[in-house]
Amino acid sequence: MPVVRHALLCSILAVSAAAQAGGWRSLQSLPQRSTIDQGAIWWGEQDRLQVSLVDDGVMRVRYAAQSGFGRDHSWAVLPVAQSPTAEIVESEGVTELRSAAIHARIQHAPLRVSFWDAGGQALDADDPERGIAVVGNAVRVWKALQANDQVYGFGQKNGRLNKRGWSQGGYHYTMWNSDTFAYDSSTDPTYVSVPFYLVLREGRAFGVYFDNTHRSSFDIGRESPDLLSFGATGGELDYYVIAGPTPKDVIARYTHLTGRMPMPPRWALGFHQSRWSYHPASKLQWIADTFRQKRIPADTLWLDIDYQQDFKPFTWDRLQFPDPAGLIGGLREQGFRVVTIVDAHPPLQPGYPVYDEGHAGGHFVTRPDGSEFSGPVWPSQAPQDKRDSVFPDFTSASTRDWWGGLYASLLDLGVAGIWNDMNEPSVWIKPSWTMPLDLRHDNEGQPTDHAEAHNVYGMLNTRSTFEGLQRLRPDTRPFVLTRATFAGGQRYAAVWPGDNTADWSALRQSIPTLLGMGLSGFPFVGADIGGFAGSPSPELFTRWLQAAQFSPFMRAHTEQQSADQEPWSYGVRHESINRRVIEARYQWLPQIYNEMEAAHRSGLPAMRPLFLDYPNDPETWSRDDSYLFGSDLLIAPVLVEGATHREVYLPGAAWYSFDSVQRFEGEQSHRVPVELDSLPIFVREGGIVFRQPVVQHTGEMPGKDLIVQLYPGAVGEASFYEDDGETMAFARGVFARRAFRQQRDADGVQLGIDAQQGRWRPAARHWRIEWLGLQGIGEVRDGDRRLAQVDPDAIDECERCWAQAGDRVLIRLPDRATAVNLRLR
Ligand code: MIG
């Protein structure tokens with residue numbers, strides 16, 4: 001609560017604005033001003049403008065045109081400990097708020113707000129002419145866009161990664177969660193709303209988060225090349241300006257504000273196989289058996305809507321699935337988990353317990369007259385009993401608790417994760433394809449209409465699911481996948497960008513879309529491999545699988561009518577290439593898990609655009625056909641049909657091709673020849689990467705060697721994290737983290753491994769340490785102990801030994817928790 005310290009009653013008159021284009025009335029000045037805790041407030045008869053420091057490096061601007069400020073409530077922003085302090089400096093016509101990382105300057109007449117960082121670099125600034133403006137219930141602000149500003153983020157959006165869109169003349173994006181079957185790269189909006197963007201200005205960054213759930217829009221240099229504007233059709237103009245100076249600092253601060261993804265279970269980072277739908281039970285069992293028989297690794301099989309009786313949530317079609325517990329239990333013995341879809345649209349059917357309970361509890365969204373709303377979705381197409389659906393009101397805490405508890409029946413059958421679909425919400429009413437905007441929502445005690453609740457419906461659906469799973473199984477990490485969500489939804493669910501198409505342009509689009517999600521706080525994302533609508537060619541499926549080898553969420557999925565879309569569905573040649581891609585995913589899993597744990601802690605995406613690590617290199621600013629995975633890997637998937645070459649830009653100093661360990665100079669483009677089975681992967685000079693032998697699923701990992709590969713470079717460092725992969729014990733210190741440091745210089749070659757932090761110990765296993773590009777070694781010492789040299793073929797059988805294999809030095813040692821110092825001469 002802001003504390004009014006003293007009122008400075010100003011005699012400046014509120015100047016009513018000259019009419020502007022579109023009827024917008026620009027804010028001029030307000031007659032009253034006072035300082036408040038960490039900021040200042042201006043007001044007139046109805047208008048209020050408040051600017052305050054809310055977190056380290058984060059200022060908040062709040063403006064309401066009519067009847068003052070409403071309740072201070074956010075679905076996205078977490079409560080922040082009010083630690084930083086702002087110094088308030090008043091001078092003629094200007095108020096300044098100064099803090100360690102960000103300064104605000106508010107000009108009084110007309111009221112315009114601008115920001116600086118601690119180093120004096122200008123950040124976000126109102127356009128001097130237009131600034132904040134209102135028309136009817138709509139609010140908007142126009143910001144100055146500088147010639148060299150690059151703009152990113154906005155969550156799940158189509159188009160290029162860099163939203164400045166030089167060649168296209170800028171972008172205009174709408175935030176309104178929409179079910180957009182078979183969308184293309186010009187479709188907007190789609191399923192997700194994240195009103196957050198990041199501006200990169202000559203290598204330095206700042207961010208803006210617009211905390212408004214109404215339909216909103218962003219214009220990035222399209223209306224005018226030197227303006228960026230955003231606003232909403234209702235609610236307050238309530239936004240946060242987030243200082244850098246690096247883009248990583250902005251994302252760290254943004255995710256401190258809106259939260260970070262929970263630690264995923266390790267199995268969720270394996271390969272997932274889905275389609276609409278695997279049924280009956282024998283079909284799902286056949287899919288499972290085929291993966292194991294063909295030795296194609298996989299962890300998770302998905303049940304789409306047809307497992308249910310008449311598309312009713314929390315039911316099973318007992319003719320097709322007579323014994324779900326037996327089926328799921330048997331699959332578990334084969335190393336599979338099962339995820340089931342649960343759509344939040346129970347049919348209006350008295351006698352169906354979910355309807356009866358929800359009706360009795362007043363849990364469903366109502367019409368303005370208080371009656372229960374119903375509308376057609378899947379249950380209206382049920383094979384037998386066709387009915388309209390009712391919709392849980394997830395804006396009510398008690399409804400979230402109730403719905404979250406219903407997952408008990410699925411967990412009791414052994415279901416491992418939940419897939420929330422259709423939660424834009426998608427309702428088959430033309431032309432809106434959602435609920436009427438005047439429907440009523442509880443809104444945590446301050447009832448509102450669907451126009452305000454629409455964009456958070458999906459996020460609150462997943463909050464109900466996530467919190468329900470947590471309550472039901474407190475020591476198990478929940479796994480939830482969602483189609484719709486909002487800023488902050490990363491706290492509850494992984495996201496996939498819905499119904500893409502089985503064509504090359506959709507594969508190409510998937511990279512910038514997923515990268516944009518990562519920049520917007522959502523690191524756990526992945527698109528339907530092979531495309532959802534239509535059937536991919538064998539080549540497209542293989543290329544898509546390769547492009548997704550480092551996709552945080554890696555799932556093949558397709559629509560009802562398409563051809564078979566399993567890794568073996570495209571002939572023997574593709575089957576063996578596809579197997580190798582999935583095997584490689586599993587070989588890389590220690591590294592992938594490590595980077596996803598870092599994303600959980602830092603908020604920074606593992607799958608990230610080049611500019612995130614190289615913001616000062618202009619060549620990276622618009623690259624969106626390749627990506628970094630963490631800081632040490634650069635992935636350049638082949639995205640073009642019939643390609644024989646792939647152009648790859650490598651930033652920074654130097655990189656090595658992962659497989660041939662060939663050196664490539666940085667700050668250059670390279671033309672790399674490719675075959676059908678090529679996925680160009682580069683490792684940063686000095687990089688240390690963590691891998692394992694091929695496993696068929698994550699359950700086979702315990703006891704497997706940990707392979708540590710050291711790439712050439714004078715120095716290199718890495719941190720490596722592991723835990724049990726499943727429970728919450730890591731949060732109580734049961735994890736293992738250790739630092740690796742390699743050095744290659746005139747004094748010799750060394751690897752130091754610090755004693756582990758944390759109390760988790762892996763099952764007994766060996767380390768296999770591989771020094772790449774290293775020859776002429778005559779002696780290897782582990783501390784004081786000289787290791788025996790063996791033939792490279794014998795390396796996997798020995799207890800502690802080393803071998804020279806071509807230009808690689810291989811070392812095998814039992815894993816231990818204490819510090820290790822290897823010296824090679
Ligand atoms: O109206 O559950 O995006 O992945 O297979 C279509 C059936 C409903 C849309 C999802 C898709 C899923 C399909 N669903």
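**Exercise 1. Describe how helix H5 and helix H7 pack in this predicted model.**

Step 1. Take the two helices: H5 covers residues 397-405 and H7 covers residues 450-472. Helices (H or I, at least four residues) and strands (E, at least two) are DSSP runs, numbered from the N terminus. Residues are numbered from 1 along each chain as its sequence is written. As the model is predicted, local features need pLDDT of at least 70, side-chain atom pairs count only at pLDDT 80 or more, and totals for chains, interfaces and linings use all residues, while side-chain values use heavy atoms, with hydrogens and water left out.

Step 2. Two packed helices are described by the angle between their axes and the distance between the axes. For H5 and H7 the angle is about 55 degrees and the axes are 8 Å apart. Axes are lines fitted to C-alpha atoms, for helices over the stretch in contact, and angles run from 0 to 180 degrees between N-to-C directions.

Step 3. Classify the angle: under 35 degrees counts as roughly parallel, over 145 as roughly antiparallel, 65 to 115 as roughly perpendicular and the rest as oblique. H5 is therefore oblique to H7.

Step 4. List the contact (heavy atoms within 4.5 Å). H5 supplies Arg400, Asp401, Trp403, Gly404 and Gly405, and H7 supplies Leu460, Asn461, Arg463, Ser464, Gly468, Arg471 and Leu472.

**Exercise 2. Which residues of H5 are buried, and against what do they pack?**

Step 1. Buried means under 20% relative accessible area, exposed over 50%, and partly exposed in between (1.4 Å probe, protein chains only).

Step 2. In H5 the buried residues are Thr399, Arg400, Trp402, Trp403 and Gly404.

Step 3. These buried residues pack against H7 and helix H4 (353-360).

**Exercise 3. Which residues touch the most other members of the largest nonpolar core?**

Step 1. A nonpolar core is a set of buried Ala, Val, Leu, Ile, Met, Phe, Trp, Tyr and Cys residues joined through side-chain atoms within 4.5 Å.

Step 2. The largest core has 155 residues, and Tyr209, Phe271, Trp403 and Phe479 touch the most other members. Helix H8 (residues 504-519) gives the most to this core, with eight residues.

Step 3. Outside four places in sequence, the residues touched by Phe479 include Trp267, Trp302, Leu469 and Phe553.

**Exercise 4. At what angle do H8 and helix H9 pack?**

Step 1. H8 and H9 (residues 538-547) pack at about 5 degrees, with their axes 10 Å apart.

Step 2. The two helices are therefore roughly parallel to each other.

Step 3. Trp504, Ala506, Leu507, Ser510 and Ile511 of H8 meet Glu539, Leu540, Arg543, Trp544 and Ala547 of H9.
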